[in-house]
Amino acid sequence: MIGKKVLIIDDDVDVQKINEKVFRNIGAIVKVATNGTDGVRKFFLEKPDLVITDIMMPEMDGMEVCERIRKDRDLAEVPVVMVTALDDRNTRIASLDAGADDFITKPIDRAELRARVRSITRLNRYRLLHEKNLITSWIADKASDGYLQMDANARILYANSRACFYLGLEADSTKPIADTFMQTITRQYTPHPQPAWADWPTISAENASHN
């Protein structure tokens with residue numbers, strides 16, 4: 001969380017201070033709001049990386065705060081952790097429906113809070129990376145040029161549809177490509193001029209499978 005911005009929304013000053021200390025100790029930049037209305041205002045002003053909000057608050061409760069956050073197209077994926085003294089099933093279901101990512105029950109255990117936040121931010125990072133990879137793959141597959149991704153041994157990890165066409169590979173196949181790039185292209189073409197291709201790895205498919 002070093003350098004990440006955390007917004008804490010809580011009308012309980014003692015809980016607010018506990019959460020603030022936890023996040024400052026792990027290098028986060030902490031912003032505080034004492035009610036839901038101010039919390040929503042600061043959310044859109046500060047654009048935090050994580051929101052910790054109490055459920056029971058005057059003016060606007062934590063569930064409405066979460067619903068307001070989820071309606072924003074650009075910031076809807078910011079993780080939200082609900083803090084509640086109500087450890088009951090209906091409250092948790094309602095919080096999930098509002099868009100909460102996790103819960104922590106009062107009185108707050110600092111170690112549990114840190115562990116939950118680490119888990120949420122890690123999962124959120126993986127999800128965002130996965131979505132970015134899906135977008136990149138979609139763009140590559142629509143491109144008129146051939147694109148390849150290879151490892152250090154020149155084995156093909158990814159080929160878009162145009163590259164599959166040029167190289168005589170089966171498009172949309174889930175099977176890994178055993179041959180190296182050079183082995184693949186020499187089935188279709190004669191590399192020319194020869195000196196320009198001399199430095200390309202020429203390990204066999206058998207060796208490639210063991211590296």
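Reply: Helix α1 (residues 13-25) lies across β1, β2 and β3, and runs at about 165 degrees to β2. Helices (H or I, at least four residues) and strands (E, at least two) are DSSP runs numbered from the N terminus; axes are lines fitted to C-alpha atoms, for helices over the stretch in contact, and angles run from 0 to 180 degrees between N-to-C directions. This is a predicted model, in which local features need pLDDT of at least 70, side-chain atom pairs count only at pLDDT 80 or more, and totals for chains, interfaces and linings use all residues. Residues are numbered from 1 along each chain as its sequence is written, and side-chain values use heavy atoms, leaving out hydrogens and water.

The open sheet has five strands in the order β2-β1-β3-β4-β5, with parallel pairing; two strands pair if DSSP finds at least two bridges between them. At its edges are β2 and β5 (102-105), each pairing on one side only. On average, neighbouring strands are turned by 20 degrees against each other, direction ignored. Four bridges join β3 to β4 (residues 80-84) in the parallel sense, and I52 has V81 of β4 as its bridge partner.

Helix α2 (residues 36-46) has G36, D38, G39, V40 and F43 buried, that is, under 20% relative accessible area, where over 50% is exposed and in between is partly exposed (1.4 Å probe, protein chains only). These buried residues pack against β1 (5-9), β2 (29-33), β3 (50-54) and α3 (62-70); contact means heavy atoms within 4.5 Å. After α2 comes K47, with a positive phi near 50 degrees.
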